[in-house]
Amino acid sequence: MKKLLSSVAVATLLLMQAQPTLAQADAKRSVTEIAPDVYRLQNNFHYSMVVITGEGAVVTDPINADAAAWIKTEVAKLTDKPVTHLIYSHSHGDHASGGAVLADNATVITQTNAPDQIDGVKPTLRFDESHEFVHGDKTFELTWLGPGHGEDLIAVVVRPANVAFITDAASPKRLPWRNMGGANIDNWTNQIRKIESLDFDIFAPAHGNVGVKADATDARVYMEQLKAEVLEGLTAGKSVDDLKKEVTMNDYKDWGNYENWLGLNIEGMASFLMFSGQVPAK
Ligand SMILES: [Zn+2]
């Protein structure tokens, strides 16, 4: 059949291939091998992880429908085997949408607290505290981080590479997201402690740059220092606006989103401390 294609048809096909869809053209995408067979796939400000084993591909968050379709194409370049496991880090829509294209015939794994369906995908395996499985030449250790940022957030550690895929609770040298979305920040900090208790070397976050395990400790210390300074100010009767001028967190000036999010971090911490009754009455 191929040789029957006219040169016009070939030219048209090439033209179609050369013109990505709007969403593809808009998205900043990259594939980086961060350890043998362990890949980080970037879709704008979100990252997912793909691990190739002797038996197939294990994929974490689909991100969204366009990204998931792209992830599937990238997996096909890395292995001729199928996606065998889709692991949701948690159910928040910006990481967990559009999984259907990756879920075909795959084991779909979530923590127990995740909803019955995540954007139309029904998880087939749920776990409470932890779940471990061996797949080909790799081992996957999944650990619930407890409540805090979401109720169903897990860490995924891959061996033998000792890579941890960590979403939202902490990112290497990067401020937590905006005002932290009304979360219980003490619980959130405990999620980071849980990450620190895991055994891994490479910290592969869903946002920002790759780091090392010590970056989790730095992220927890940031939370503790922010809490101490905001609590001290509120206890002294200062307003949130005052605190946004006075709490500079100077040690973190080179962290990602320092300029954009410090003020919002202070607002989020202040409202958490006030609403959780931690500010002593005058
Ligand atoms: Zn989230």
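In the predicted model, residues L226, K227, V230, L231 and L234 of helix α7 meet N265, I266, M269, A270, L273 and M274 of helix α9, contact being defined by C-beta atoms, placed from the backbone, that lie within 7 Å. Helices (H or I, at least four residues) and strands (E, at least two) are DSSP runs numbered from the N terminus. Two packed helices are described by the angle between their axes and the distance between the axes. The axes of α7 and α9 come within 10 Å and cross at roughly 65°; axes are lines fitted to C-alpha atoms, for helices over the stretch in contact, with angles running from 0 to 180 degrees between N-to-C directions.

Helix α9 contains 18 residues and extends 25 Å from its first C-alpha to its last, close to the 26 Å expected at 1.5 Å a residue, where the expected span is 1.5 Å times one less than the number of residues. Its buried residues are W261, N265, I266, G268, M269, A270 and F272. A residue is termed buried if 20 or more other C-beta atoms lie within 10 Å of its own, exposed if 12 or fewer, and partly exposed in between. The elements covering the buried residues of α9 include α6, α7 and α8. Just after α9, G277 adopts a positive phi of about 70°.

Residues I185, W188, T189, Q191, I192 and I195 of α6 are buried. These residues cover an arc of only 145° around the axis and therefore lie on the same side of α6; the arc is that of the directions from the helix axis to the C-beta atoms. Their cover includes β10 (154-159), β11 (163-166), α7 and α9 (258-275).

The largest nonpolar core comprises 72 residues, among which V50, V59, I71, A155, V156 and A164 touch the most other members. Helix α7 (residues 214-235) supplies the largest share of this core, 7 residues. A nonpolar core is a set of buried Ala, Val, Leu, Ile, Met, Phe, Trp, Tyr and Cys residues joined through C-beta atoms within 7 Å. Apart from neighbours within four places in sequence, V50 is in contact with Y39, L41, A57, V59, I71, V75 and L78.

A cis peptide bond, with omega about 15°, joins R159 and P160, and P160 lies in the loop between β10 and β11. In the loop between β11 and α6, R178 has a positive phi near 40° although not a glycine; R178 is partly exposed, with 14 other C-beta atoms within 10 Å. Likewise not a glycine, D119 has a positive phi of about 50° and is found in the loop between β6 (107-111) and β7 (125-127).

Overall, the protein has 9 helices and 13 strands, and 41% of its 282 residues count as buried. Residues are numbered from 1 along each chain as its sequence is written. Because the model is predicted, local features need pLDDT of at least 70 and side-chain atom pairs count only at pLDDT 80 or more, while totals for chains, interfaces and linings use all residues.

Terms used
Two residues are in contact if their C-beta atoms, placed from the backbone, lie within 7 Å.
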